[in-house]
Amino acid sequence: MQITLLGTGDAIGTPKVGCDCENCRAMIAAGRARLRTSLLVKVGEKHILIESSPDLRQQLLRACSPHIDAVLWSHGHYDHFIGFGEFYRVQKVPPAYAPPPVMDYCSGYLHFLPFEKHPVPVYEPFDLFGVTFTFFEVNHPPVYTCGLLLEHDDVTIVYTADTREDIPQKSRELLEKTDIDFLFVDGIAPEGYAISKHMNYAEAVRFARDVGAKDYRCVHMSHLVPPGMPHAGYDMETFCWE
């Protein structure tokens, strides 16, 4: 299994439009960017997209235009699903998988685009191309939001999606009893910032430690996060598990 971070930014991305802060200037000078967060999972010859960000067209071109076989959504914020429209006249629109409230919202917004809809109950594992996925509830008020547990060939990966540190007890128990090889964790701002819907870096590090992740990277990072922050993920960074 191989996972590529197509994007690691928050809803605004970095550099932020019209921003002259030190971090945005540094990213521009280095020719780097954080596109909106999206993950590409490759297993065999199949490609599964976790989130379809507004930057999807650019992200797929960067990734050499893989054919997408399925898309999974964590919640109904535009930066996590609205790029699904980019499949129009590019390839057969892939089937989408999401918890029922997420599917209802996203498919209603995308009413103009016919596609297979697969509502999946939370905490119930399901299989896609040899990978077992499980949606679990997190805490991203006021929007119903879920993270994902991925299992393939004795490797376990977790993606928290947008969340605060205080996730539901059932979800915390699921993660704590799981041997997590790698965690992609919401870390929207450096330590010292209080963000009501997300974790800052210190909270993300503590969360990773508390659930026992062997390794982790922050995703969904804002322009407040300086280049070179420890445990930060980078666009087009790829992780492989044989």
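## The open sheet

Six strands make up an open sheet, ordered S7-S8-S9-S10-S11-S12, with mixed pairing (two strands pair if DSSP finds at least two bridges between them). At the edges sit strand S7 (126-128) and strand S12 (216-219), each pairing on one side only. From one strand to the next, the twist averages 20 degrees. Helices (H or I, at least four residues) and strands (E, at least two) are DSSP runs, numbered from the N terminus.

This is a predicted model: local features need pLDDT of at least 70, side-chain atom pairs count only at pLDDT 80 or more, and totals for chains, interfaces and linings use all residues. Residues are numbered from 1 along each chain as its sequence is written, and side-chain values use heavy atoms, leaving out hydrogens and water.

Inside the sheet, S9 and S10 run antiparallel to each other and pair over 5 bridges. Take Leu149: its bridge partner in S10 is Val158.

## Helices on the sheet

H5 lies across S8, S9 and S10, at about 145 degrees to S8. H6 packs on the sheet too, touching strand S11 (182-186) and S12, and its direction makes about 150 degrees with that of S11. Axes here are lines fitted to C-alpha atoms, for helices over the stretch in contact (heavy atoms within 4.5 Å). Angles run from 0 to 180 degrees between N-to-C directions.

Which residues of helix H5 (residues 169-176) are buried? They are Ser171, Arg172, Leu174 and Leu175, where buried means under 20% relative accessible area with a 1.4 Å probe, protein chains only. They cover an arc of only 160 degrees around the axis (taken from the directions from the helix axis to the C-beta atoms), so they end up on the same side of H5. An α-helix has 3.6 residues a turn, so residues three or four places apart point the same way. The cover over the buried residues of H5 includes strand S8 (131-137), strand S9 (146-152), strand S10 (155-159) and helix H6 (201-210).

## Thr14 in its loop

Thr14 sits in the loop between strand S1 (2-7) and helix H1 (22-29). Thr14 is buried, at a relative accessible area of 2%. Its side chain reaches the backbone nitrogen of His223 at 3.3 Å. Setting aside neighbours within four places in sequence, the contacts of Thr14 include Cys24, Met27, Arg34 and Met221.

## What the record says

An unreviewed UniProt entry annotates residues 35-223 as "domain: Metallo-beta-lactamase"; such annotations may be inferred rather than shown by experiment. Over residues 35-223 the chain is 21% helix and 27% strand, with the end C-alpha atoms 11 Å apart.

Note on methods: Buried means under 20% relative accessible area, exposed over 50%, partly exposed in between (1.4 Å probe, protein chains only). A polar contact is a pair of N or O atoms within 3.5 Å; within protein, one must be able to donate a hydrogen and the other to accept it, and residues adjacent in sequence count only if both atoms are side-chain atoms.
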